[in-house]
Amino acid sequence: MSGDNLRVIVADDMLLVRQGVVRVLETIADVEVVAEAEDGETLVAAVADHGPDVVLTDVAMPPTNTDEGIQAAITLRGQYPEMGIVVLSQYAEPGYVLDLFADGSDRLGYLLKERVGDPDELRRAVFAVAGGDSMVDPKIVEILVSSRRAPDGGIDRLTPRETEVLALMAEGLNNAGIGERLVLSERAIAKHINSMFSKLDLGEADDSHRRVKAVLTWLSR
């Protein structure tokens, strides 16, 4: 993070949407919007000019309005590995998530736009990726988990509680956060995680963003 504030660039080709995201960010303490961009090209240029801590980018931007935001995020990740990136999407598209996380999940987030109006949710996302962690929208996680319920997939062996832990883990929550959400002790959460990883042949992981990486790797396998 540069200085006292988290420096953010917002990219979206729709002016009203972009300004809406900016206004929400401006209500969050310790966050400063340093630039805006309307497409992938101007986003890459703005990052070069301002050196932000975090980029928030839409998925679909000109010229084709398909996955320019994802492609810009992948390009920026290669050029600025220490910068956090949150991709905002109007629709739950698991394929885009897997493309984004194909080379790792550190400092990456994927959030549905319906969450953007909640300052707490947006704050959690930008500070998570700025700190090196990951975040995936819970609706996307639910779709990914559901898609793996094949008889030989492994997910079918999880208990309902372990499935809940898996979903919250993929959102980037640590043991304490998962325990708070499920009203369970950290010791109970650790027990569920060890059992879940054993069933999924994932082994153990020590922190939230490594666990997200493991979960997403398994889901995309």
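Author: A residue is buried when its relative accessible area is under 20%, exposed when it is over 50%, and partly exposed in between (1.4 Å probe, protein chains only). This is a predicted model, in which local features need pLDDT of at least 70 and side-chain atom pairs count only at pLDDT 80 or more, while totals for chains, interfaces and linings use all residues. Residues are numbered from 1 along each chain as its sequence is written, and side-chain values use heavy atoms, with hydrogens and water left out.

Reader: Why does Gly84 count as buried?

Author: Its relative accessibility is 0%. The limit is under 20%, so Gly84 is buried. Across the protein, buried residues make up 48% of the 221 residues.

Reader: How do you know that Gly84 lies in a strand?

Author: Strands are DSSP runs of E with at least two residues, and helices are runs of H or I with at least four, both numbered from the N terminus. Gly84 lies in strand S4, which covers residues 84-89. The protein has 10 helices and six strands.

Reader: With which residues is Gly84 in contact, leaving aside its neighbours within four places in sequence?

Author: They are Asp53, Val54, Val55, Arg107 and Val129. Contact here means heavy atoms within 4.5 Å. Gly84 and Asp53 are 31 residues apart in sequence, but their C-alpha atoms are 6.1 Å apart in space.

Reader: What makes Asp53 a residue with no salt bridge?

Author: A salt bridge needs a side-chain nitrogen of Lys or Arg within 4 Å of a carboxyl oxygen of Asp or Glu. For charge, Lys and Arg count as positive and Asp and Glu as negative, while His and the chain ends are not counted. The nearest side chain of opposite charge to Asp53 is Arg7, at 5.5 Å. The limit is 4 Å, so Asp53 has no salt bridge, although Asp53 is buried. The side chain of Asp53 does reach the backbone nitrogen of Arg7, at 2.7 Å.

Reader: Why are Lys139 and Glu114 said to form a salt bridge?

Author: Their closest N and O atoms are 2.9 Å apart. That is within 4 Å, so the pair passes. Lys139 is in helix H6 and Glu114 in the loop between S5 and helix H5 (119-130), 25 residues apart, and the pair links distant parts of the chain.

Reader: What makes Lys139 partly exposed, and what makes Glu114 exposed?

Author: Lys139 has a relative accessible area of 38%, which falls in between the two limits, so Lys139 is partly exposed. Glu114 has 51%, which is over 50%, so Glu114 is exposed.

Reader: How do you know that the side chains of Arg115 and Asp137 meet in a salt bridge?

Author: The N to O distance is 2.8 Å, and the rule asks for a distance within 4 Å. Arg115 lies in the loop between S5 and H5 and Asp137 in the loop between strand S6 (135-136) and H6, so this pair ties together parts 22 residues apart in sequence. Asp137 is buried, at 0% relative accessibility.

Reader: Why are Arg161 and Glu164 separated by about one helical turn?

Author: The two are three residues apart in helix H7, and that is why.

Reader: Which residues have the most contacts inside the largest nonpolar core?

Author: They are Ile9, Leu43, Val87, Leu100 and Tyr110, in a core of 28 residues. The largest share of this core, four residues, comes from H3. A nonpolar core is a set of buried Ala, Val, Leu, Ile, Met, Phe, Trp, Tyr and Cys residues joined through side-chain atoms within 4.5 Å. Not counting residues up to four places away in sequence, Leu43 touches Ile9, Ala11, Ala37, Val55, Thr57, Ala72 and Leu76. A second, separate core has 20 residues, including Val8 and Met135.

Reader: Why does Val183 count as exposed?

Author: Its relative accessibility is 71%, which is over 50%, so Val183 is exposed. Val183 is in the loop between H8 and H9. It has a positive phi of about 60 degrees although it is not a glycine.

Conventions
Polar contact = N/O pair within 3.5 Å; in protein donor to acceptor, adjacent residues only side chain to side chain.
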